[in-house]
Amino acid sequence: MNHENSLTDTPLLYEQSVEGRQGVRLPNLDVDETPLPPNMTRETLRLPELDELTVVRHFTRLSEKNFSVDRQFYPLGSCTMKYNPKINEDAAGLAGFRRAHPLLDAGRNQGALGLLYKLQECLKAVTGFAAFSLQCAAGAQGELAGALMIRRYHRDRKDSGRTRMLVPDSAHGTNPATCTMAGFSAETVPSDSAGAVDLGALKAACAGEKRATLAGLMITNPGTLGLFEPHIEEIIRTVHDAGGLVYGDGANLNALMGIIKPADLGFDVMHVNLHKTFSTPHGGGGPGAGALGAGATLKDYLPGPVAVYDGASYDLAAPAASIGRLKPFNGNFSVLVRAYTYLRILGPEGVRRASEYAVLNANYLRHLVRDDFPSAFGADRRCMHEFVASPCLGNGVTAMDIAKRLIDYGFHPPTVYFPLIVKEAFMVEPTETESKETLEAFAAALKAIAAEARAEPELLKTAPHHTPVGRLDETAAARKPVLRA
Ligand SMILES: *Cc1c(COP(=O)(O)O)cnc(C)c1O
């Protein structure tokens, strides 16, 4: 354990300042000199004076205080923190992509437009959908776009009394939020005792008088409990029979790639989180991409423009009844380059193997820790790419205490307290890129922590102990951040 890893061993840049020290030498001025406002000159601004090496060391040291997939196991459930191969960065950094101006006319932008088109084609092949749009900057924006498409579809059919969107109670918080933003009322469907959608409740919400007001359903499969929804086809059929459409939250595609095509299950529209499943760095609110696929019913409503190809050249065009733009230009282009690189390197076989290993890793890890970390639902079933445990270690130790103690062991904590329907939820997603040795080391840490919980619970309740700052009041930390020690 690195006990020296404290913020206080890193002096502020100002504290390292030495009068007269210089890091850069600017070229001679080759334009007319314009005086700066008097309160913004070198003499009046308090600027640190530093050499380049000091600056490099300072920021490198700070960067090492963070958790990242490149340094540590990061089993943050639902977030698919897989390793992002460095070749993706090489491709995104190619000058032709990096410097491509989004306002270049199509004739001089064939490479970038060709990449967008080919990525759309790859995603169609993986999911089975008829068309893709790469506009959306995140999964949540894809959800909003998909919900707006469903709304437009009903309105175009003069069926605008359809205002209810069903959302399972295990859903990611963005699902009810985006349905509401799109003008629907989000209606919760309960889960049954096996953690699946309660079929009886779903059918009741689609039947009788309720039928005419049903807009659709937003659902993720596998569900947030890490279990494949056993009745998914019947669920989708029920909604379709009542005149509704089905939005698939595709954030959990990492369990299914190359094995099942969501379009074959009957989904009408679905986003794919390229920054999760297709390996582009994410977290901390960085750029993402929520590519949106649609089947025959909704494809003309996709956000646009999308890339098109006439057999000779690539261009951009809006789908026939597009809901319009959700983002300037073509989404987060460099994320799209990374996702395309990843897909082409894996190929169809590799994509399938990635999902198979993701599921294998989750099942192996779940098995290793099952005594202290029993699954909340479906312990007798195979889990998908993640599992949700409900640890009960006694002595008042909570899932949060375990998560904080894991940091002392050098692991990023799993997602805790989500999904909301699991008490003390502890949601672990190892991803396919982790080795058997890493999974076993993580399991050993969890076992050691379980032993500590029984013998020395205070150690957990006051964790973490080896970080620059200890246990934070998370609400206050978000609302009133203290950004310097
Ligand atoms: C991550 C996630 C989302 C939202 O995706 P963002 O890209 O973060 O907006 C939605 N649903 C599930 C199940 C997720 O894991």
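Biologist: Which elements each supply at least two residues of the lining of the second largest pocket?
Modeller: Those are α4 (110-127) and β9 (314-317). Helices (H or I, at least four residues) and strands (E, at least two) are DSSP runs, numbered from the N terminus. This is a predicted model, so local features need pLDDT of at least 70 and side-chain atom pairs pLDDT 80 or more, while totals for chains, interfaces and linings use all residues. Residues are numbered from 1 along each chain as its sequence is written, and side-chain values use heavy atoms, without hydrogens and water.

Biologist: Which of the two gives the most?
Modeller: α4 does, with three residues.

Biologist: What volume does that pocket have?
Modeller: About 280 Å³. A pocket here is an open set of points on a 1 Å grid over the protein atoms alone, with protein on both sides within 12 Å along at least five of seven lines; a cavity is a set where a 1.4 Å probe fits but cannot get out, and lining residues have an atom within 4 Å of a point. Of the 20 lining residues, H101, P102, F329, N330 and F333 are closest to the pocket centre.

Biologist: Now the ligand. Which residues are around it?
Modeller: S78, A138, G139, A140, E143, H172, T174, D249, A251, N273, H275 and K276.

Biologist: Which side chains have N or O atoms close to its oxygens?
Modeller: Among them are S78, with a polar side-chain atom 2.6 Å from a ligand oxygen, K276 at 2.8 Å and N273 at 3.0 Å. The cut-off for a polar contact is a pair of N or O atoms within 3.5 Å.

Biologist: How much of the ligand does the protein bury?
Modeller: 87% of the 380 Å² that the ligand exposes when taken alone. Those areas come from the Shrake-Rupley method with a 1.4 Å probe.

Biologist: Which element gives the most to that shell?
Modeller: α5, with three residues. Both α5 (139-156) and α10 (274-277) give two or more.

Biologist: Different topic. How many cavities of 30 Å³ or more are there?
Modeller: Three. The largest holds about 130 Å³, and its 19 lining residues include S170, G195, G223, T224 and E229 nearest the centre. Strand β4 (residues 214-220) has the largest share of that lining, three residues.

Biologist: And the second largest cavity?
Modeller: That one has a volume of about 60 Å³. Its lining includes D249, a residue that is also around the ligand.

Notes:
A residue is near a molecule or strand if one of its heavy atoms lies within 4 Å of it. A polar contact is a pair of N or O atoms within 3.5 Å; within protein, one must be able to donate a hydrogen and the other to accept it, and residues adjacent in sequence count only if both atoms are side-chain atoms. Grid points are joined across faces, edges and corners, and a volume is the space filled by probe spheres set on the points.
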